[in-house]
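Biologist: Could you walk me through this structure, starting with whatever I need to know about ring pairs?

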Amino acid sequence: MKVEDKRDFTVVNHSVEKVDALALACGTARFTDDVDIRGLLTGRLLYSPHAHARIRRIDTAKARKVPGVLAVLTHEDLPRVRHTTAGQGYPEPSPYDTLALSEKARYVGDRVAAVAAETPEAAQEALDNIRVDYEVLPAVFDTMEAIKAGAPVIHDEADSKNIPDAKHNICAKFDFEVKQSEWFSEADVVVDRWYKTQWAQHCALEPHIVIVSFDEDGRLLIRTSTQVPFHARRITARVLRLPLKSIRVIKPRIGGGFGSKQEVLLEPVCAALALAARRPVKIELSRRETFVSSRTRHPFVIRLKTGARKDGTITDAHMEAYCDNGAYGAHSLTVMMCSGSHTLPMYQAKNTRFVGRSVYTNRPVGGAYRGFGATQGFFAWESQMDIMAGQLGLDPIEFRRKNYIRSGEGSPVFKAMGEGREGIEQKIGSCGMDECIAKGLAAIRWHEKKKLYKNQSGVKRRGLGCACMMQGSGIPEVDMAAASIKMNEDGSFNLHMGATDLGTGSDTVLAQIAAEVLGVGIKDVIVLSSDTDLTPFDVGAYASSTTFISGNAVKKAALKVREQILAVAARILDEKPEDIELAGGRAVGKSGRSCALSEVGNTSFYYHDQHQIMASASHVATSSPPPFAAHFAEVEVDTETGEVRVLDYAATVDCGTAINPALAEGQNDGAVLNGISYALTEEMLFSPAGAMLNPSFRGYKIFSAADAPPFKTILVPTYEADGPFGAKSVSEIGINGPQPAIANAIYDAVGVRLYEPPFTPEKVLGATLSETSESSLQTAVGRLPATEAAE
């Protein structure tokens, strides 16, 4: 068997120690701020107190006179270059509607000015001395109100690009329909419901931070906590009208990202301050600034109108998704499309329609966040599946089993809906959903507890809920990654790659893939990642792409190096290359003779046909094989207080071959706890004037380890032919299950259907006491003319 097809692994599919484990445990790992740069200035930003206002005049004279202040910048001092902060492949599908500093504020927290000073105190004094004369404009905060005629126009400028309908505050739109019969003509049951999800913050432990200095040749050296170093370089060069070659970006260790650091937020303005002051500058956001002025999860309003026959066959799937993008259009098209492209193929229907609109409001800006639209979409879909099953009188598990997509099947949605453009036709390869469901049912003791809770009474009631999901593995024919490997004379290898480790362990996983091909241990692979001068290109860490896209690039490079090693070993051993295997750091011939890889390295360097054994490779995928997951929640609801307590949670996931099972489980565990927190407590609250009311961990509640309920991840192995050694993605899918699974469990416990998370005690108690709770949202939202076809 060829090494690329092997399934009997020595390094892959083993929980080896992370390559950076010791450094992290000992505190020697270097994060962005773990450098000592002589003459480093403090950079600070001035934010708008108004949700919508035009700057009539901005006076910085007093600020410039503050002792220790070396630079003060406003929109008048920077090139007027419209861009998107979304770190996506070029050309980005997001509108070019953003300036580094603007003459118009579009939300409370929009950036107005920037300063650099010798001390934090001097920087703050300078900000306090900037005088801004605002013309306050009418604002709009509601997603559905913003698209109505007569609503305040948020982007009325003439120089923005790629906004489809600025007059109606629509920053992205997409419509799609496949129809095999008249709508709902074959349906015995039709369910029409609206769902609404909330604003949420990523809450990475390390806030956004960037340090810009100069190298010995005067080039900009940007050291930044980013998921997208190559995009950060490109966007910064564009915004400041600098040659790309004049910028080097280094991504050190990162204290979490979850999508928030896919945005290129601070790099251009920090670089502008450094250029203005001719000194190194650091901008580090406080926790409050991170809440108020970075990025959020996009809130959605979703309508699902679905039909099914009595036998449980789904006939019609009509989905409307209204994505609140806030003040700017970053990720507006892609997040909105992923709410449908990852959910609609899950269950096969004869008629499928998607109507998508991303909408500007005077709220904080939506950005990439783990799950990326699928989280919002699956809350609606998996709630709807339970409602349909109930109206059909079917078991919700069997209803899902009857309809979900299987291996060998395709969907018209794959071709119609990519991320920001048309997708590609594909069929499902590996699918472990049957086993996911079976193992999840057993782990939660579903059938046993269903009988136990059937005739409950008393104040506290228990219930069970489930949810099934799929995601993707990179963006096919868009995302590209590259890697290079060179051999050293001691038989070790240098692996250089642009892939970005966010603390997820991708440096380790990719090193395992290389080690598996080269027949060595992981400690023989020296990893360098994410330096735009030294490592090959990679789009970065997003879209669940690293293992699948970057992993395939690493595998290709390793296979090329392997061929070169075999050629040298063949001469040493007097064997044919095809008769030699690499194992345990040695080249082993069919005859039994062997030599150490150090001998191969020495031979190539100093003896026969002297050359460097090395290779590079790139990978662009032609498919995006979805991981599958089934989640099961057990909750207890206090009918007197509305408190919901998760008693048990089981999450099963098919991610193909888990390259590192411990890391895969850890990724899913983190995603599940993130999702439970998002379902029960997390919510950004705003004043009537648009200011965030709870910009701290005191007011914005996230689950800590102490809050974590009992939960478990169960990996369901399959083998994905397109993945490196059978692997698919795992990092995002786990967050998509808790909201619908918990919502379904609450309904099972107390008969109340909740359409708007988070499921706080106030909401749960209010719904249990109100006879009209189920229809309140259904009658409160507006509709676009495009939705009339679903009536």
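Modeller: Rings of Phe, Tyr and Trp, the last by its six-membered ring, count as a pair if their centres lie within 6.5 Å, and planes under 30 degrees apart count as stacked. Please keep in mind that this is a predicted model.

Biologist: How many aromatic pairs does that rule give here?

Modeller: The count comes to 13 aromatic pairs. In one of them, Trp-194 and Tyr-322, the ring centres are 6.2 Å apart and the planes meet at 15°, so this pair is stacked.

Biologist: Where do those two sit?

Modeller: Trp-194 belongs to strand E8 (residues 189–196) and Tyr-322 to strand E14 (residues 314–326), so the pair ties together parts that are 128 residues apart in sequence.

Biologist: Switching topic, which domains are assigned?

Modeller: The domain assignment gives domain 1 (3–30 + 480–620), domain 2 (41–137 + 202–293) and domain 3 (296–474 + 623–790).

Biologist: And how much area is buried between domain 1 and domain 2?

Modeller: About 1800 Å² is buried between domain 1 and domain 2, with carbon and sulfur atoms giving 49% of that area. On the side of domain 1, Leu-502, Thr-532 and Tyr-542 supply 35% of what this domain buries against domain 2, which is more than any other three residues.

Biologist: How many salt bridges are there across that interface?

Modeller: The rule finds six salt bridges across the interface of domain 1 and domain 2. Separately, Asp-20 forms a salt bridge with Arg-253, where the closest N and O atoms are 2.4 Å apart.

Definitions and conventions:
Residues are numbered from 1 along each chain as its sequence is written. This is a predicted model: local features need pLDDT of at least 70, side-chain atom pairs count only at pLDDT 80 or more; totals for chains, interfaces and linings use all residues. Side-chain values use heavy atoms; hydrogens and water are left out. Domain bounds come from an automatic or database domain assignment. Buried area is the accessible area (1.4 Å probe) that two parts lose on being put together, summed over both. A salt bridge is a side-chain nitrogen of Lys or Arg within 4 Å of a carboxyl oxygen of Asp or Glu. Rings of Phe, Tyr and Trp (its six-membered ring) pair if their centres lie within 6.5 Å; planes under 30 degrees apart count as stacked, over 60 as edge-to-face and the rest as tilted. Helices (H or I, at least four residues) and strands (E, at least two) are DSSP runs, numbered from the N terminus.
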